[in-house]
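Please read this briefing alongside the sequence and the coordinates.

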Amino acid sequence: MLIAKGLKKNYISKEKNGFFRSSVKTIEAVKGIDLTIEPGKIVGLLGLNGAGKTTTIKMLSTLLEPDEGSCSVDGLDLVKDAFKIKHIVNMIAGGERMVYWRLTATENLEYFGKLYNIPKNELKNRIDGLIEFVGLKERANEPVEKYSKGMKQRLQIARGLINDPKYLFMDEPTLGLDAPIARDLRKFTKSLAREKGKGILLTSHYINEIEELCDYVYIIDQGLKIMEGTPKEIASIVANCTNQYKIKMLDFSEKLKSQFETFLRTVQSDYFIEAADGGYEIDVTSHMDIQGELIALLSQHTKIISFAAMEPKLEDAIITLSEVKAYEQIHA
Amino acid sequence: MINHILSTAKRNLTMQTRAYPIDFFISKLLSCFFTILGAFFMYNIVFKGNVSIHFIKFSGTSDYMSFAILGCFTNLFVRGTFLNVSRSFITEMREGTLDSLLISPVNYMGYLSGNMLEQTMITSGELLAAMIITLPFGLRFPSINVVSTLLCISITLISLFGMAIILSGIMVYFKDTYLSQNTVFSVLFLTTGVLFPIQYLPSWIQVFSNLIPVTYSLRILRNSVLVGLDIVSQARDFITLALLSAIYFAVGVLLINKIMKKAPEKQFI
């Protein structure tokens, strides 16, 4: 089992303030994250850009040394036993990098396999199997620079599996993949966990992917964990915290405005209004489902031309959660 | 570790044969050719083929062209191995493959040794080409001592490897190749005695020259090739070269382990 407690990571950079002057700037990328990955389980790590997901993954995969906190992987210490841990973890990142473009797919996998000291025959079988799995058999002996973006990404997936890792960290692995390949990867990811007992940490921007795959989800923002739970629990939060309504109506009198604003204050919601096509268009954002109340209130005073409840997005949920967290911190 | 050395050398050779930087090769060859050509004109036109008594005293030979050609060949070899090995980690960083390398249990020394092995092979080929095009300038080996020459080349390779490890760490730390490598190569060209004996330099620069292994490599190589001195008569230079190689190597190993620990975060900042 992988257990991380209070992981922290700061980046220290120098900022030039003139030709000879510079100042040191500390960026707190991860401010204390606890998480657990059990063998055979898929854990989701969600957050906006800059939330600290990649830094967390890089710490867990031994690429970065945490400044504070501890992490044990099957009883091994992340820092002291980093060399041993490297044999049982691997990382797959989204995008086309992390493989050598001038080598063929087979040569890439051979090289990485040799870095793990995999015996020759076993390595050959593993390479054949992985190339078959990622659908590169026909072009396995062509230099990677001739591959499409999706093919390079597929090769990267094969590279991440070359050492048959016990724990796999997947940083947006389906980014840029065609739908059938992405579907196959999801299926394969599931089988890696369920059938082969691998512990997987997955970051993704696709809520469906998280819902389909993950047993447990952590949401982080600005380096801090702001929520954790099963996908069902997270999904219900998503539905509750990011309701958006787009309403078109004929009139917006002072009386309606007053009642409307009073109501929104009671439900801690915001709105934005602008004149459009001889009427008014209102955007309402609320943490609660206020569709019924809104229709009832507005229809008492004006004619509603259209009313649309927007689909809640994961990104909106995370933004809302981070805003709530910031609000709580300020008023604590 | 042997596995990592051989697989890295094989990987590099495959990449080199697939996309050999022919323009880079021509540039290196031309640079060597023009340096020798410049020395040839200076020697034959300006100095009318004469060298001073001081030159003979400092270098042990009156054959200036062979002295300069050996200097240029050594410089070409130093540039080929030292330069390319020192760039290996930062190239991985720039091409986006550093993470996949460091996430594996790669042995840094094995990886760098693999780069060194491949570069020694490639540079030896380039040196052969340079020898052919510079033959007309008159390199002569009247009394070469083969054993002494081979030992000198072997220890020089170790010293170049040590220097390359240090420069590699500096490049990763400062995320720079251009400034560091050009500064280092200009300094090496000026201070190690490529075209003239270091005794012509101001004494304070000579102190610096004596801390660079290449200075000893050049002196031993010339004494072995042009004068035919054996190992025993050059024992002092051999021991100094070996000691400096050991020091550079040890510092390099300590430095690279420390810097590579921080290398992945250097990509962010």
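Contact here means heavy atoms within 4.5 Å, and by that rule the contact between the two chains takes 32 residues from chain A and 28 residues from chain B. This is a predicted model, in which local features need pLDDT of at least 70 and side-chain atom pairs count only at pLDDT 80 or more, while totals for chains, interfaces and linings use all residues. Residues are numbered from 1 along each chain as its sequence is written, chains are lettered from A and ligands numbered from 1 in the order in which they are written, and side-chain values use heavy atoms, with hydrogens and water left out.

**Interface of chain A and chain B**

- Together the chains bury about 2900 Å², 61% of it on carbon and sulfur atoms; buried area is the accessible area (1.4 Å probe) that two parts lose on being put together, summed over both.
- Two salt bridges are found across the interface, a salt bridge being a side-chain nitrogen of Lys or Arg within 4 Å of a carboxyl oxygen of Asp or Glu.
- Glu110(A) and Lys10(B) form a salt bridge through their side chains, at 3.8 Å from N to O.
- On the side of chain A that touches chain B, at least two residues each come from β1 (2–16), α2 (82–86), β6 (89–93) and α3 (105–115), where helices (H or I, at least four residues) and strands (E, at least two) are DSSP runs, numbered from the N terminus.
- The largest share of that side of chain A, six residues, is supplied by α3(A).
- By class, the side of chain A that touches chain B has 15 nonpolar, seven polar and 10 charged residues; Ala, Val, Leu, Ile, Met, Phe, Trp, Tyr, Cys and Pro count as nonpolar, Asp, Glu, Lys and Arg as charged, and the others, Gly among them, as polar.

**Helix α8 of chain B**

- The 29 residues of α8(B) should span 42 Å at 1.5 Å a residue, and its end C-alpha atoms are 41 Å apart, which agrees; the expected span is 1.5 Å times one less than the number of residues.
- After α8(B) comes Lys175(B), with a positive phi near 50°.

**Salt bridges over all chains**

- The structure holds 17 salt bridges over all chains.
- In one of them, Asp74(A) pairs with Lys166(A), with the closest N and O atoms 2.7 Å apart.
- Asp74(A) lies in the loop between β4 (68–73) and β5 (76–77) of chain A and Lys166(A) in the loop between α5 (149–160) and β7 (167–171) of chain A, so this pair ties together parts that are 92 residues apart in sequence.

**Surroundings of Gln206(B)**

- Gln206(B) belongs to helix α10 (residues 203–209) of chain B, and its C-alpha atom is separated by 7.3 Å from that of Thr191(B), 15 residues apart along the chain.
- Leaving aside neighbours within four places in sequence, Gln206(B) is in contact with Ile198(B), Gln199(B) and Leu201(B).
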